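Work through the exercises below with the model open. Each task is followed by a solution in steps.

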Amino acid sequence: MKILIVEDEKKVASFIKRGLADENYDVAVSHDGVDGLKQALNGDFNLVILDVSLPKKDGIAVVNELRAAGSRVPVLMLTARDTTEDVVAGLDAGSDDYLTKPFAFAELQARVRALIRRGEQDRGAEIRFADLRLDPVSHQVWRGQTEIALTAKEYALLAYMVRNAENVLSRANIADNCWEYPFETFTNIIDVYINYLRKKVDGKFPTKLIHTVRGKGYILKEG
Ligand code: CA
């Protein structure tokens with residue numbers, strides 16, 4: 001996950017950078033609006049943390065130009081205290097969220113997580129659980145390095161399970177979300193599909209992911 005910080009106050013920038021690097025984000029820093037915009041447009045970042053008050057080009061102008069250029073990268077704006085106008089202008093220009101200085105790192109962390117998650121859904125980024133990866137655009141599926149070929153219905157079922165991993169899913173939940181028609185009368189079709197998935201997804205792998213919860217339904221979990 002790549003994050004760009006555009007912040008001219010070097011202390012603040014390095015405080016954020018250190019904290020996020022500790023969380024295993026790949027962090028780049030820019031100290032002015034012109035360079036920040038250039039990096040944001042060229043860097044394929046998952047998130048931009050953008051100070052409003054910047055030399056050369058302010059944060060509002062940066063986010064404006066970013067959106068005008070078609071970039072949908074999530075933007076978290078940093079504003080000084082008591083600048084409601086900045087906040088409104090920033091959100092109008094197309095930033096996704098804001099944080100008022102000074103802030104606790106935990107607050108920043110929570111915003112960063114939420115924005116990256118939202119951004120991934122927008123980008124159609126891979127969905128993952130354990131060593132399982134699903135590409136929502138191509139519908140390709142891998143476990144580790146092994147590609148697993150699934151039918152469209154199997155893919156829909158697995159994607160639903162991955163999105164709700166570690167939750168027990170009843171047959172009714174599965175029917176509602178993966179089949180377009182009412183299913184009460186023949187829920188055993190779901191069991192059949194679960195068995196297809198088991199063979200393909202768990203078959204030769206030592207760690208089983210698809211588990212039956214007796215009397216309740218199914219769960220995707222490790223071990
Ligand atoms: Ca500043």
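**Exercise 1.** Find the spacing along the chain of the donors of the calcium ion in this predicted model.

Solution. Along the chain, the calcium donors are arranged as D-x42-D-x1-S. The protein atoms behind this pattern are D8 (OD), D51 (OD) and S53 (O), at 2.1 to 2.3 Å from the ion.

**Exercise 2.** Classify D8 and S53 by relative accessibility.

Solution. Buried means under 20% and exposed means over 50%, with partly exposed in between. D8 has 29% relative accessibility, so D8 is partly exposed. S53 has 52%, so S53 counts as exposed.

**Exercise 3.** State the domain bounds and the separation of the domain centres.

Solution. The domain assignment gives domain 1 as 2-121 and domain 2 as 127-220. Their C-alpha centres are 37 Å apart.

**Exercise 4.** Which residues of the largest nonpolar core touch the most other members?

Solution. The core has 29 residues, and L134, L158 and I174 touch the most other members. Two or more residues each come from β6 (127-129), β7 (132-134), α6 (152-163), α7 (171-178), α8 (188-202) and β11 (217-220). The largest share, seven residues, is from α6. Beyond four places in sequence, the contacts of L134 include Y155, L158, A159 and V162. Another core, of 18 residues, lies apart from this one and includes I3, V27, F105 and L108.

Terms used. Residues numbered from 1 in each chain as written. Predicted model: local features only at pLDDT ≥ 70, side-chain atom pairs only at ≥ 80, totals over all residues. Heavy atoms only, no water. Domains from an automatic or database assignment. Donors = N, O, S within 2.8 Å, 3.2 Å for Na, K, Ca; no water. Buried < 20%, exposed > 50% of the residue type's maximum accessible area, 1.4 Å probe, protein only. Core = buried A, V, L, I, M, F, W, Y, C linked by side-chain atoms within 4.5 Å. Helix = DSSP H or I, 4+ residues; strand = E, 2+ residues; numbered from the N terminus. Contact = heavy atoms within 4.5 Å.
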